[in-house]
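Student: Hi! Could you walk me through this structure a bit at a time?
Tutor: Happy to, let's have it on screen.

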Amino acid sequence: MDAVRPGQNPGRTRACSLRVSVVLVRLIRAYLRPYTRTITLIVLLQLVQTLATLYLPTLNADIIDDGVVKGDTGYILTTGGLMVAVTLVQIVCAICAVYFGARTAMALGRDIRADVFDRVQSFSAREMGRFGAPSLITRTTNDVQQVQMLCLMSFTLMVSAPIMCVGGIAMALNQDVPLSGLLLLIVPVLGITVTLIVRRMRPLFRHVQERIDTVNRVLREQITGIRVIRAFVRDGHERTRFTGANAALMDVSLRAGRLMSLMFPTVMLVVNLSSVAVVWAGGHRIDSGGMQIGALTAFISYLMQILTSVMMATFMFMMVPRAEVCAERVQEVLDTGTSVVPPLKPVALPAGGGRGLLELRGVEFRYPGAEEPVLRDISLTAHPGRTTAVIGSTGSGKSTLLGLVPRLFDVTDGSVHLDGVDVRDLDPAVMSRSIGLVPQKPYLFSGTVASNLRYGNPDATDEELWRALETAQARDFVEAMEGGLEAPIAQGGSNVSGGQRQRLAIARALVLKPSVYLFDDSFSALDYATDARLRAALTDETGEATVVIVAQRVSTIRGADRIVVLDEGRVVGSGTHGELMDGNQTYREIVLSQLTEQEAA
């Protein structure tokens with residue numbers, strides 16, 4: 001694959017590559033700043049071990065020229081002992097440098113992952129939808145790992161490579177200046193070859209990361225939707241989808257792998273040809289008396305050290321393109337601010353004020369880029385001790401309306417108030433204790449029944465948990481589970497039924513004991529008898545709190561103190577069941593689509 005695709009501006013591609021390189025440097029520099037002392041120690045250790053490595057060929061040359069040729073055994077033993085001491089210093093410094101380098105690189109990966117996780121936790125539903133869960137998982141794990149590996153290789157290879165290259169050239173010049181002229185040809189040829197290969201690898205690695213995102217997305221959908229796949233017998237179709245995504249990843253990985261596999265043979269070819277050229281030219285220098293045998297031996301060693309340093313840099317260059325792409329993707333998450341901004345000066349709820357008075361004043365919500373708002377000019381009040389229900393056709397904005405209260409996303413116009421305080425100014429900790437949300441698709445975390453119920457109130461006692469379970473009509477099946485409250489819950493609650501999952505989510509909200517309960521179609525998986533018992537029990541448990549219910553089922557909300565009817569994002573009716581049946585055509589149509597005239601009366 002060409003680095004510049006047809007129709008693409010080459011100048012723009014080079015500018016983009018430069019920008020990505022700056023992003024990589026900025027990211028690494030920011031996260032390595034706390035480890036400056038350790039990095040200084042690593043550089044010193046690498047410097048000492050590299051200088052020791054450079055000194056050894058000179059000592060070897062002295063042994064040959066002044067010891068072996070002259071037959072001076074004492075000089076051989078003395079210089080040999082010095083070589084052993086220098087070698088020990090080299091080994092100790094190399095081990096320490098690798099140890100501290102590995103620790104620092106692992107710490108950098110830990111810090112970046114922690115910050116990415118914290119930033120994702122602050123995202124609203126809008127930002128989560130922009131990136132998607134599969135991409136965020138890849139960025140937090142695989143992408144961070146690539147940057148981490150680049151740092152590890154930098155500490156272990158890249159620090160010593162330039163020192164060895166420059167030092168090797170200086171020591172080679174010290175051995176024989178005319179023969180060193182070969183380096184003017186060898187090093188540039190190797191550098192140009194590596195650069196050409198690396199430039200073609202960069203766009204391929206970008207596609208590799210995108211293909212990993214695709215594989216993660218398809219796999220996640222198939223695991224999550226396995227029941228739907230089986231129900232519609234779409235195993236073959238999904239297998240084809242995954243095979244396509246997997247094959248696309250393999251294809252681009254193979255293309256990148258071919259370039260990587262070309263790198264080392266090319267470097268080794270240059271290295272071997274260089275060695276032959278040095279031996280040939282050095283032989284003529286020895287024959288003419290311009291060079292000693294020990295000096296040629298040392299020069300060959302220095303040549304190998306120079307080319308080895310270039311090979312180490314080559315190995316780094318192979319990792320840099322992928323790390324650049326990964327750094328850009330990680331930095332994109334870190335640079336993305338949430339649309340739900342925490343208040344600079346959080347406000348507490350008024351002492352002695354109302355308990356759960358919820359007001360929506362002229363609320364509008366519009367998704368970014370949308371032509372029409374989802375909600376417009378919504379004004380309603382939900383009072384403590386009363387149940388307010390919201391009903392409407394599919395797509396009328398019911399769940400969106402409910403999501404504005406706990407700030408899953410913020411209104412684009414108007415305001416939402418809790419006990420007279422705008423929720424955008426409310427202390428997040430106070431809001432979390434005051435609002436209990438049971439989402440439309442309840443989610444349970446891996447752990448136990450008890451750990452899930454205590455999610456919002458870690459200090460809840462077992463008695464409080466059982467009481468919440470009894471109110472939520474979940475006590476019977478929890479007692480039947482092996483372990484009771486300590487019964488295991490799989491990720492997402494996949495080891496319990498949909499109705500049991502809903503009831504556990506309702507119990508979790510009850511354990512919190514908030515002043516406002518938000519039920520987003522939270523009774524849809526329950527049979528009519530369980531639904532009726534649950535609503536009756538909730539009336540006693542939530543008697544003093546504000547209850548807002550969003551539901552599709554008329555029987556769930558017909559007994560509410562007030563019913564709000566939504567249609568295409570607007571309030572088109574408000575009142576009791578009887579009032580709306582008599583005076584609101586939209587509500588009447590919804591009711592009669594589910595009940596007969598006699599049942600609705």
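This is a predicted model: local features need pLDDT of at least 70, side-chain atom pairs count only at pLDDT 80 or more; totals for chains, interfaces and linings use all residues.

Student: Helices first, please. How do H5 and H6 cross?
Tutor: The axes of H5 (residues 133–158) and H6 (residues 160–175) cross at roughly 25 degrees and come within 6 Å. Axes here are lines fitted to C-alpha atoms, for helices over the stretch in contact, and angles run from 0 to 180 degrees between N-to-C directions. Helices (H or I, at least four residues) and strands (E, at least two) are DSSP runs, numbered from the N terminus.

Student: Is that parallel or antiparallel?
Tutor: H5 is roughly parallel to H6 because of that angle. Angles under 35 degrees count as roughly parallel, over 145 as roughly antiparallel, 65 to 115 as roughly perpendicular and the rest as oblique.

Student: Which residues make the contact?
Tutor: On H5 they are Thr156, Leu157 and Met158, and on H6 they are Ser160, Ala161 and Pro162. Contact means heavy atoms within 4.5 Å.

Student: What about H15 and H17, at what angle do they pack?
Tutor: H15 (residues 462–471) and H17 (residues 498–512) pack at about 130 degrees, with their axes 8 Å apart. That angle is why H15 counts as oblique to H17.

Student: Which residues meet there, and how do they divide by class?
Tutor: Glu464, Leu465, Ala468, Leu469 and Thr471 of H15 meet Leu504, Ala507, Leu510 and Val511 of H17. The contact of H15 with H17 divides into 7 nonpolar, 1 polar and 1 charged. Ala, Val, Leu, Ile, Met, Phe, Trp, Tyr, Cys and Pro count as nonpolar, Asp, Glu, Lys and Arg as charged, and the others, Gly among them, as polar.

Student: What does the side chain of Thr138 make a polar contact with?
Tutor: With the side chain of Asp213, at 3.1 Å. A polar contact is a pair of N or O atoms within 3.5 Å; within protein, one must be able to donate a hydrogen and the other to accept it, and residues adjacent in sequence count only if both atoms are side-chain atoms. Leaving aside neighbours within four places in sequence, Thr138 is also in contact with residues including Gln209, Asn216 and Arg329.

Student: New topic: what is the phi of Asp377?
Tutor: Phi of Asp377 is near 50 degrees, a positive value in a residue other than glycine. Most residues other than glycine have a negative phi. Asp377 sits in strand E2 (residues 375–382) and is exposed at 56% relative accessible area.

Student: And where is Asp419?
Tutor: Asp419 is in the loop between strand E4 (413–418) and strand E5 (421–422). Asp419 has a positive phi of about 50 degrees and is buried, with a relative accessible area of 11%.

Methods: Residues are numbered from 1 along each chain as its sequence is written. Side-chain values use heavy atoms; hydrogens and water are left out. Buried means under 20% relative accessible area, exposed over 50%, partly exposed in between (1.4 Å probe, protein chains only).
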